Amino acid sequence: MEVAFANISDGGIFTIIQFTYHTNSQMYSILKKTASKCSHISQTYSIGRSVEGKDLLAIEFSNNPGQHELLEPEIKLIGNMHGNEVLGRQLLIYLAQYLCSEYLLGNERIQTIINTTRIHILPSMNPDGYEIAASEGHEYNGWTSGRANAQNLDLNRNFPDLTSIFYNRRRFRHFRSDHIPIPESYWLNKVEEVAPETYAVMKWIRSFPFVISASLHGGELVISYPFDLSKHPQEDRMYSPTPDEQIFRQLARTYADAHATMSNNDTERCLIKAAVRNFFWLKMI
């Protein structure tokens with residue numbers, strides 16, 4: 001969908017985006033058109049392909065697209081890891097359009113963000129699952145239809161467990177808790193079946209020095225952050241903070257407070273908890 005502009009009473013101009021669901025082909029088209037419209041601050045690139053060969057297309061925003069600049073934070077946003085959870089996918093498509101449009105309109109806040117950070121957006125990590133869910137339609141779609149990829153693998157649970165590695169390392173002197181390497185057995189596919197989408201994201205992470213990441217899911221009002229697994233696997237609810245616990249809590253609280261529903265005291269479902277199953281969060285700092 002094309003981005004439109006509207007005048008407001010004081011003579012200013014702001015961005016209007018028509019909210020509608022997009023097919024995979026429409027999503028690809030929007031990302032490429034957006035990058036073309038803002039070619040001086042944006043570009044698209046592929047991080048790999050899905051089981052069925054669909055492009056895992058990302059778009060980046062930076063004042064110097066394609067280049068990592070010293071001390072400029074690299075940020076990663078992912079949506080649609082579960083194919084039938086489309087809200088994150090749509091929000092990231094709209095975010096890409098909004099960043100481009102508002103930058104061109106002279107929005108100083110957006111210009112500062114793009115000029116001082118490098119933002120990478122992958123609206124759909126699971127385009128195969130999305131097509132399964134979309135083909136059934138919302139009236140007939142069950143909560144499992146399209147959730148997994150075309151191999152019936154839940155991508156949200158397909159990454160390696162780095163939490164256990166972290167706690168095992170704590171027993172040794174001078175251990176490092178940052179940049180925990182992905183086990184070689186994962187690269188060699190000697191543990192369990194690893195989806196091509198998972199491989200693509202792991203290689204993506206290894207290629208860019210991301211300092212913070214987020215994965216947008218749908219279905220519940222919750223902000224999840226590390227660690228999901230505990231020091232003792234038998235104790236599921238054991239408090240197991242990361243070295244960056246305070247930062248994660250601040251980020252979670254900032255998001256929740258800015259969310260109209262989650263910040264409403266009458267919303268019983270509002271929750272902030274220490275839980276995550278996406279290993280790429282561990283790349284924080």
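**Exercise 1. Find the handedness and the angle at which helices α2 and α3 cross, then list the residues that meet there.**

*Solution.* Start with the handedness: α2 and α3 make a left-handed crossing. Keep in mind as you look that this is a predicted model.

Next, trace the two helices. Helix α2 covers residues 87-105 and helix α3 covers residues 108-116; their axes come within 8 Å and cross at roughly 110 degrees. Angles from 65 to 115 degrees count as roughly perpendicular, so α2 and α3 are roughly perpendicular to each other.

Now look at the side chains. From α2 come Tyr 98, Leu 99, Glu 102 and Tyr 103, which meet Ile 110, Gln 111, Ile 114 and Asn 115 of α3. Sorted by class, this contact holds five nonpolar, two polar and one charged residues.

**Exercise 2. Work out how α1 lies against α2: roughly parallel or roughly antiparallel?**

*Solution.* Begin with the axes. Helix α1 (residues 24-37) and α2 have axes that come within 10 Å and cross at roughly 20 degrees. Since angles under 35 degrees count as roughly parallel, α1 is roughly parallel to α2. The crossing of these two helices is left-handed.

Then name the partners. On the α1 side you will find Asn 24, Met 27, Ile 30, Leu 31, Thr 34 and Lys 37, and they meet Arg 89, Ile 93, Ala 96, Gln 97, Cys 100 and Leu 104 in α2. Seven of the contact residues are nonpolar, three are polar and two are charged.

**Exercise 3. Locate the largest nonpolar core and say which element gives the most to it.**

At least two core residues come from each of β3 (42-49), β4 (55-61), α6 (184-187) and α7 (196-207). The most comes from α7, which supplies six residues.

Zoom in on Trp 204. Setting aside neighbours within four places in sequence, Trp 204 is in contact with Tyr 45, Ile 47, Ala 58, Lys 76, Ile 78, His 120, Leu 122 and Phe 210. There is also a second, separate core of 21 residues, which includes Ile 30, Leu 92, Ile 93 and Tyr 103.

**Exercise 4. Identify the buried residues of α4 and the elements they pack against.**

*Solution.* Walk along helix α4, residues 127-136: its buried residues are Pro 127, Asp 128, Gly 129, Tyr 130 and Ala 133. These buried residues pack against α1, β4, α2 and α7. Continue just past the end of α4 and you reach Gly 137, where phi is positive, at about 80 degrees.

**Exercise 5. Decide whether Pro 181 is buried, partly exposed or exposed.**

*Solution.* First place the residue: Pro 181 sits in the loop between α5 (163-169) and α6. The relative accessible area of Pro 181 is 45%. Buried means under 20% and exposed means over 50%, so Pro 181 is partly exposed.

Finally, check its surroundings. Apart from neighbours within four places in sequence, Pro 181 is in contact with Leu 162 and Arg 169. Ile 165 is 16 residues away along the chain, and its C-alpha atom is separated from that of Pro 181 by 9.4 Å.

Key
Residues numbered from 1 in each chain as written. Predicted model: local features only at pLDDT ≥ 70, side-chain atom pairs only at ≥ 80, totals over all residues. Heavy atoms only, no water. Core = buried A, V, L, I, M, F, W, Y, C linked by side-chain atoms within 4.5 Å. Buried < 20%, exposed > 50% of the residue type's maximum accessible area, 1.4 Å probe, protein only. Helix = DSSP H or I, 4+ residues; strand = E, 2+ residues; numbered from the N terminus. Contact = heavy atoms within 4.5 Å. Axes fitted to C-alpha atoms, helices over the stretch in contact; angles between N-to-C directions. Parallel < 35°, antiparallel > 145°, perpendicular 65-115°, else oblique. Left-handed = near helix turned anticlockwise from the far one by under 90°. Nonpolar A, V, L, I, M, F, W, Y, C, P; charged D, E, K, R; others polar.
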